[in-house]
Amino acid sequence: MATTTPATRPANPRFSSGPCAKPASWTLNDLADAPLGRSHRAAVGKAKLKAAIESTREILGIPTDYKIGIVPASDTGAMEMAMWSLLGERPAEMVAWESFGAGWVTDVVKQLKIEANVRTADYGEIVDMTAVDYNKDVVFTWNGTTSGVRMPNGDAIPANREGLTICDATSAAFAMDLPWDKLDVTTFSWQKVLGGEAAHGMLILSPRAVERLENYTPSWPLPKIFRLTKGGKLIDGIFSGETINTPSMLCVEDYLVALEWSKKQGGLKGLIARADANTAEISKFVETHDWIEFLAADPAIRSTTSVCVKFTDARIKDGAVFAKAVAKRLENEGVALDIGAYRDAPAGLRIWCGGTIEASDVAALMPWVDWAFNAEIAAQ
C-alpha cells in the first residue's frame with residue numbers, strides 16, 4: 001500500500017489520448033522552417049505537403065498505387081468525406097465497439113439513411129469480424145480510442161470481398177501494423193500517435209475505392225469540402241498536396257518534424273516497439289495489483305495506444321466518482337494530465353502509450369496510481 005508520495009515523477013506528465021504528447025526531443029525551434037505567410041499553393045507549400053504525403057507512405061509502407069490525401073477536420077473530416085462520397089452503392093455493415101464507431105453508425109443509419117446491418121459490442125469487447133458480410137461495405141475502427149480495444153489483425157477480411165472496407169485508424173496508424181491489402185479506405189489524424197497538431201486528417205484510398213468514386217455518384221448532394229471527383233474522375237491534386245482548403249503550414253511543418261523523428265526511431269517497427277514497451281509497464285503493474293484490471297480482458301484485442309483500466313476494489317462506493325477523484329489527484333500532483341476515462345466509456349483511467357511516450361515515464365507513473373488509489377480509498 002502506497003502511503004507516501006513516490007520519489008520519482010514522470011519527466012513528461014502528458015498522457016492524453018488526443019491531442020497526444022510530442023516526442024521528448026521536440027522544441028518550438030523545430031518549426032523554424034515553416035513557410036509562414038506563404039501560400040500553400042506556392043512551390044514551397046506544395047513541396048511541404050507532398051513531402052508529408054510521401055513520407056507517410058514510406059513509414060507506413062502504403063502501396064504505391066494507393067492515394068494519400070491531406071483533408072480538413074481531422075480524422076472526423078476524413079471519415080465523413082469517405083462515407084458521404086463512397087457509401088450507398090450497396091448495403092453497409094456498420095461495426096462499433098466504442099463511441100466513435102457508434103458515431104459512424106449514426107451518420108450512416110440516421111443521416112445518410114443507408115440500408116445497414118449494425119453490429120456492436122460492449123466496451124472492452126470486440127465484434128466477431130468473421131461474421132461480417134464483406135460483400136457489403138464495412139465501416140469499422142481499427143483501434144477503439146475510448147475503449148482500449150483493437151483489431152488483432154485483418155485475417156477476417158477476405159481478399160475477394162465485393163464491398164469496400166472503410167477503416168477509422170486514427171489511434172492505430174504509426175503504432176500498429178495495418179494490412180493495407182485488406183483496407184480500401186483508411187483515415188487518421190496527426191494529433192494521435194505522432195503527437196501532431198489538430199484539424200488535419202489523412203485519407204488513404206485503395207484502387208478499389210478510387211474505382212468506386214469514379215463510377216458511382218451518391219443520391220445526396222455533396223458539399224464542396226467533401227468532393228473528391230470532378231467530371232467522373234478523381235481530383236488527383238488532392239493526393240499530391242493540392243488540398244481542398246487552406247491547411248496550416250505550421251501544422252504541416254510539425255507533422256514533417258514528427259515523421260522525421262519516426263524515422264530515427266526505426267520507422268514503423270520502432271514505433272510499434274515503443275508502444276509495446278509502454279503498455280508492458282502498465283501490464284506489469286496490473287499483474288501485481290488486485291484492485292485494477294484492463295477494460296479489455298483479452299490481451300489479443302488490447303490496445304497498445306489508448307490503454308484503458310478500471311478499478312475493481314469492493315470498497316469503492318461509486319466507480320465514476322472514485323475514478324475521477326484518482327485522476328484529479330494525479331493531475332494536482334502534476335504527474336498525469338488528462339487520463340480520465342472518456343465520458344461515454346466505463347469509469348476508469350485511460351493512459352496514452354503511443355510511440356511519443358517514454359517507457360520510463362509510464363514506469364514512473366504507475367507508483368503514483370498506486371498512491372492515488374490508496375489515498376482515495378482512505379478518503380471514502
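1. Two strands are said to pair if DSSP finds at least two bridges between them. By that criterion, strand β13 and strand β14 (residues 349-352) are paired in the antiparallel sense, with four bridges between them. The model discussed here is predicted, and the remarks below should be read with that in mind.

2. Strand β13, which covers residues 306-311, is mostly covered, since five of its six residues are buried. On the β14 side, V307 has I351 as its bridge partner.

3. Strand β13 also pairs with strand β12 (residues 292-294), again in the antiparallel sense, here over three bridges. In this pairing, I292 finds its bridge partner in F311 of β13. As a general point for anyone inspecting these strands, side chains in a regular strand alternate between the two faces of the sheet.

4. Turning to the protein chain as a whole, there are eight helices and 14 strands. A compact globule of 380 residues would have a radius of gyration near 21 Å, and because the protein chain has 21 Å, the two agree. Taken along the principal axes, the C-alpha atoms fill a box of roughly 70 × 50 × 30 Å.

5. Of the 380 residues, 58% count as buried, and among contacts with a separation of 6 or more, residues 24 or more positions apart account for 73%.

6. As for the surface, the protein chain exposes about 15,700 Å², of which carbon and sulfur atoms supply 50%.

Key. Residues are numbered from 1 along each chain as its sequence is written. This is a predicted model: local features need pLDDT of at least 70, side-chain atom pairs count only at pLDDT 80 or more; totals for chains, interfaces and linings use all residues. Side-chain values use heavy atoms; hydrogens and water are left out. Helices (H or I, at least four residues) and strands (E, at least two) are DSSP runs, numbered from the N terminus. The radius of gyration is taken over C-alpha atoms; the globule rule is 2.2 Å times the number of residues to the power 0.38. Buried means under 20% relative accessible area, exposed over 50%, partly exposed in between (1.4 Å probe, protein chains only). Contact means heavy atoms within 4.5 Å. Accessible areas come from the Shrake-Rupley method with a 1.4 Å probe; for residues, only the protein chains shown count as cover.
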